[in-house]
Amino acid sequence: MKIATVGVHVLDTHVIGIAGIPDGSEGQLVETIRFSPAGTAGGTAVVLARLGAEVASYGAVGDDPIAASLLAMLAAEGVSVDGLVRKADQQTSASVIPVRPNGDRPAWHCIGANGAFTLDDLDLAALDGITHLHLGGPEFLGGPAAGELLAHARSIGATTSVDVLAPGDPDLLAWIADALPHTDYLLPNDEQVLGFTGAASLEEGARALVAAGAGCVAVTQGAKGALVVTADDVVEVPAYAIEVVDTTGCGDAFSAGFLRGLSLGRDLRGAAELGCAAAAHVAQGLGTDHGSYTLESVEEFARSTPAR
């Protein structure tokens with residue numbers, strides 16, 4: 001699997017043990033503060049690399065210390081970062097995620113350079129030889145440009161996938177509609193599907209997205225697992241029974257596991273099981289780079305851990 005992950009790259013700062021925002025200029029001790037590479041392209045790239053894929057990332061970062069940290073962390077995972085362009089007039093995208101004792105995780109986010117990335121920043125010739133292109137955050141490019149990129153990927157024999165970052169909204173779906181006919185696998189969460197379509201059920205909403213052009217819609221459902229829908233099939237896969245620490249990055253991990261499973265010749269159920277297993281591992285720590293895991297260890301986890 002030789003994959004280009006294109007789009008949103010973020011440096012996350014996780015803060016564990018937040019009881020509330022201190023009054024005035026008072027301070028507060030917390031349990032942990034940790035950085036991790038993230039984003040619908042960046043986070044997915046990390047998990048794909050750990051699962052044995054050859055990964056190159058494309059997008060935009062600033063010319064700042066945040067970029068230096070993010071690029072170093074991606075490169076340390078084996079992700080090629082030559083395709084991440086520097087935008088001197090932008091800061092690198094970053095989030096601060098305070099995780100409350102009950103697991104709630106509000107966030108402060110700066111869009112930064114992700115909002116300045118365009119197709120002009122990507123040398124299409126650099127994509128020659130890829131087997132797959134994953135576009136994280138098509139809303140930043142807009143539907144026509146996203147469709148152009150995905151169509152090019154298909155023209156050179158690559159499979160395409162898309163993960164949307166923004167919350168579900170019918171207007172956003174209209175904004176990226178031109179990308180859907182060139183999307184082999186659409187990877188939204190349950191709230192996005194219902195928000196995009198106004199459907200009464202996830203299956204109905206996923207079928208509407210297939211009707212809009214996506215070849216397959218694989219929906220994450222949090223603790224319920226995943227639902228995979230094509231024109232001919234509906235497959236539901238449960239999540240694994242684990243103790244959750246933080247769910248940040250779980251959607252990116254599912255995308256990576258699902259796509260990696262398909263590249264290994266697994267059917268939709270087997271790919272979704274690998275996606276849920278990758279997400280379960282990430283949920284047990286902070287960030288997509290939590291701990292040390294490989295394709296083999298994630299597969300062993302899936303065999304030995306019961307479903308919910």
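Buried means under 20% relative accessible area, exposed over 50%, and partly exposed in between. The structure shown in these views is a predicted model.

**View 1. Arg34 and Asp289 form a salt bridge.** The side chains of Arg34 and Asp289 meet at 2.9 Å, N to O. Arg34 belongs to strand 3 (residues 32–38), whereas Asp289 sits in the loop between helix 9 and helix 10 (295–304), so the pair ties together parts that are 255 residues apart in sequence. Arg34 has a relative accessibility of 26% and therefore counts as partly exposed. Asp289, at 8% relative accessibility, counts as buried. A search of the whole structure finds 8 salt bridges.

View 2. Arg50 has its place in helix 1. Its relative accessibility is 16%, so Arg50 counts as buried. Leaving aside neighbours within four places in sequence, Arg50 is in contact with Glu77 and with Asp289, His290, Gly291, Ser292, Tyr293, Thr294 and Leu295.

View 3. Strand 2 (residues 10–16) and strand 3 run antiparallel and are joined by 7 bridges. Thr13 has Phe35 in strand 3 as its bridge partner.

View 4. Strand 1 (residues 2–7) runs parallel to strand 8 (residues 132–136), and 5 bridges join the two. Val6 has Leu135 in strand 8 as its bridge partner.

**View 5. The crossing of helix 8 and helix 9.** The axes of helix 8 (residues 250–263) and helix 9 come within 7 Å and cross at roughly 145°. This crossing is right-handed. Helix 8 contributes Cys250, Ala253, Phe254, Gly257, Phe258, Arg260, Gly261 and Leu262 to the contact. From helix 9, the contact residues are Leu268, Ala271, Ala272, Leu274, Gly275, Cys276, Ala278, Ala279, Val282 and Ala283. The residues of the contact divide into 14 nonpolar, 3 polar and 1 charged.

**View 6. Val235 in strand 13.** Val235 is found in strand 13. With a relative accessibility of 11%, Val235 counts as buried. Not counting residues up to four places away in sequence, Val235 touches Ala226, Leu227, Val228 and Arg269. The C-alpha atoms of Val235 and Ala218 are separated by 9.2 Å, and the two residues are 17 residues apart along the chain.

**View 7. The salt bridge of Glu203 and Arg207.** The side chains of Glu203 and Arg207 meet in a salt bridge at 3.3 Å, N to O. Both residues lie in helix 7 (residues 202–211), 4 residues apart, about one turn of the helix. Glu203 is partly exposed, with a relative accessible area of 34%. Arg207 also counts as partly exposed, at 36% relative accessibility.

**View 8. The salt bridge of Arg266 and Glu299.** The closest N and O atoms of Arg266 and Glu299 are 2.3 Å apart. Arg266 lies in the loop between helix 8 and helix 9, and Glu299 lies in helix 10, so the pair ties together parts that are 33 residues apart in sequence. Arg266 is partly exposed, with a relative accessible area of 29%. Glu299 has a relative accessible area of 19% and is therefore buried.

How values were computed: Residues are numbered from 1 along each chain as its sequence is written. This is a predicted model: local features need pLDDT of at least 70, side-chain atom pairs count only at pLDDT 80 or more; totals for chains, interfaces and linings use all residues. Side-chain values use heavy atoms; hydrogens and water are left out. Two strands pair if DSSP finds at least two bridges between them. Axes are lines fitted to C-alpha atoms, for helices over the stretch in contact, and angles run from 0 to 180 degrees between N-to-C directions. A crossing is left-handed if the near helix is turned anticlockwise from the far one by less than a right angle, and right-handed if clockwise. Contact means heavy atoms within 4.5 Å. Ala, Val, Leu, Ile, Met, Phe, Trp, Tyr, Cys and Pro count as nonpolar, Asp, Glu, Lys and Arg as charged, and the others, Gly among them, as polar. Buried means under 20% relative accessible area, exposed over 50%, partly exposed in between (1.4 Å probe, protein chains only). A salt bridge is a side-chain nitrogen of Lys or Arg within 4 Å of a carboxyl oxygen of Asp or Glu.
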